[in-house]
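Here are my notebook entries from a friendly browse through one structure.

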Amino acid sequence: MSFPAFENTFSTLPPFFFEEVAPTPLKNATLLHQTELVRDLGLEALTPAELKSWLNGESRLTGDQRISTRYAGHQFGVWAGQLGDGRAISLGEVITQKMGRQEIQAKGLGMTPFSRQGDGKAVLRSSIREYLCAEAMDALGIPTTRSLALILGEGAVEREEIEFEAATIRVFPSQIRFGHFEMAFHSGKKSELKALIEYTRSRFFDGASIEEMLHAVMDKTARMIALWQSVGFCHGVMNTDNMSILGLTLDYGPFGFMEDFNPHHICNHSDREGRYAYSEQPRVGMWNLERLFVCFSDLVTRERLIALLETYPARFQTHLIETYRKKLGLQEERPEDLELIEALLEMLAECKFDCTFFFRSLSRYHAGSIESLAGFRDHYPESLESSSLARWLTRYQERLILEGSVDSERSAQMLGVNPKFVLRNPLAQEIIANTSAGKTEALAGWYQVLRSPFQEHPEVGTWAGPLPSNLKNRILSCSS
Ligand code: AMP
Ligand code: MG
């Protein structure tokens, strides 16, 4: 088999950064689902059996590769030393017409030199979560790794319980993490670090200078986190080894979409102190950037690195305001917008509205009438006249009048940016339960819904929320 055209470049880096590995294919694998990326990456010429066999590590295509990469990281604020791709194997980089350079990586095909105590496996439960959420985030316009395929094997994996083995095939221009730089820097590998910087700069930042690149990384990180905040997404494990240099949402573990708005929401059961709580994410982004910038201290002066880092809060705020202006349907930029947004977030925290449902309802707000908040009265009978919601709406209405906002136009625009559907944890659990029971239509059906989250999909409307109290606000453990 000889297509598509591979052009592997990560493996041109010094050998310090990767190891050749032999995948352990899943037993009697089936291709549970695949995305449109099969076509975009030039893999559609393969038969389904050939595709599955290649993605499962059973067969080779001319020019492909099998490598795992070496990276380190700070986990929960503590230097963790070498980590690396403990269960991820890169199958090759391809050049596509539509998406430029893309790398294809399988997660769950067994042990690698970086597996440490792990078994190199992934369970169906977390593979479905990563597979669907990455595609859902992309549809929401949030930078992320993409998903190509989901495969299921017959082998058993031991976690708290015995579970099905599976693998997610991910796609990204590059998975380079903050931790790749940390690995080289903290091992004193100066020439390797320089090679990595040169590679990243020339391939992924248009040959920008080192400082320009750091500025761009900071900006992309700030933007990604501002977008997370705007949909209530909590990553759960914002360790530096999970931070992409390209500002892509990477490594979906115990993530969660917040339901009842709560700034202190913690989605990861293991995060007892709330280091990665919803409201902490922007600050953690800056802390992580500082860990990255340290790795450049032989090349850029300390003063310049600090000066650059200190621009992060303002960059983050700019992205946040821009995002919320769209969510609120505001066309003009006005200096008082930040206060309006802050008041909104305070009101949401006080009223604990379901954040997806609130913005979707607000998208239908018209004639300055509280009753126009679609479906709101049904779910929050007591809160419509609550002073804080009513007070904020009065302020919002005044702001709308200032710019002569037209209700119907604003509503159309807002319905295109405030999703009706996000991958709520109980929804993910339902899809997992169905798929585990062999009912794969749920996966295919929800894939379609999550790829078009701004459409109405009335047949599954109850999942737009708010959910009944026995279902909502579930948190997950790290086990995957
Ligand atoms: P994560 O918390 O998933 O970002 O993983 C942190 C580190 O643990 C990375 O180096 C992973 O590759 C590794 N890891 C996680 N799960 C496994 C596993 N089942 N087998 C081997 N390595 C793993
Ligand atoms: Mg990780």
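For accessibility I call a residue buried under 20% relative accessible area, exposed over 50% and partly exposed in between (1.4 Å probe, protein chains only). Asn242 is buried because its relative accessibility is 10%, and Asp251 is buried as well, at 14%.

**Ground rules.** I am working with a predicted model, where local features need pLDDT of at least 70, side-chain atom pairs count only at pLDDT 80 or more, and totals for chains, interfaces and linings use all residues. Residues are numbered from 1 along each chain as its sequence is written, chains are lettered from A and ligands numbered from 1 in the order in which they are written, and side-chain values use heavy atoms, with hydrogens and water left out.

**Gln229.** I found Gln229 in helix α6 (residues 210–231); helices here are DSSP runs (H or I, at least four residues), numbered from the N terminus. Is Gln229 buried or exposed? Gln229 is buried, because its relative accessibility is 7%. Contact means heavy atoms within 4.5 Å. Leaving aside neighbours within four places in sequence, Gln229 touches Tyr278, Ser279, Gln281, Pro282, Phe316, Leu320 and Tyr324.

**α7 and α8.** Axes are lines fitted to C-alpha atoms, for helices over the stretch in contact, and angles run from 0 to 180 degrees between N-to-C directions. Helix α7 (residues 281–294) packs against helix α8 (residues 302–309) at about 160°, the axes being 11 Å apart. The pair is therefore roughly antiparallel (angles over 145 degrees; under 35 is roughly parallel, 65 to 115 roughly perpendicular, the rest oblique). I noted Met286, Leu289, Glu290 and Phe293 of α7 against Leu305, Leu308 and Leu309 of α8.

**α3 and α16.** How do helix α3 (residues 124–139) and helix α16 (residues 441–451) cross, and at what angle? Their axes come within 8 Å and cross at roughly 25°, which means that α3 is roughly parallel to α16. From α3, Ile128, Leu132, Glu135, Ala136, Asp138 and Ala139 meet Leu443, Tyr447, Leu450 and Arg451 of α16.

**Gly438.** I ended at Gly438, in the loop between α15 (425–436) and α16. Gly438 is exposed, because its relative accessibility is 54%. Gly438 and Gln413 are 25 residues apart in sequence, and 39 Å apart in space from C-alpha to C-alpha.

Technical notes:
Helices (H or I, at least four residues) and strands (E, at least two) are DSSP runs, numbered from the N terminus.
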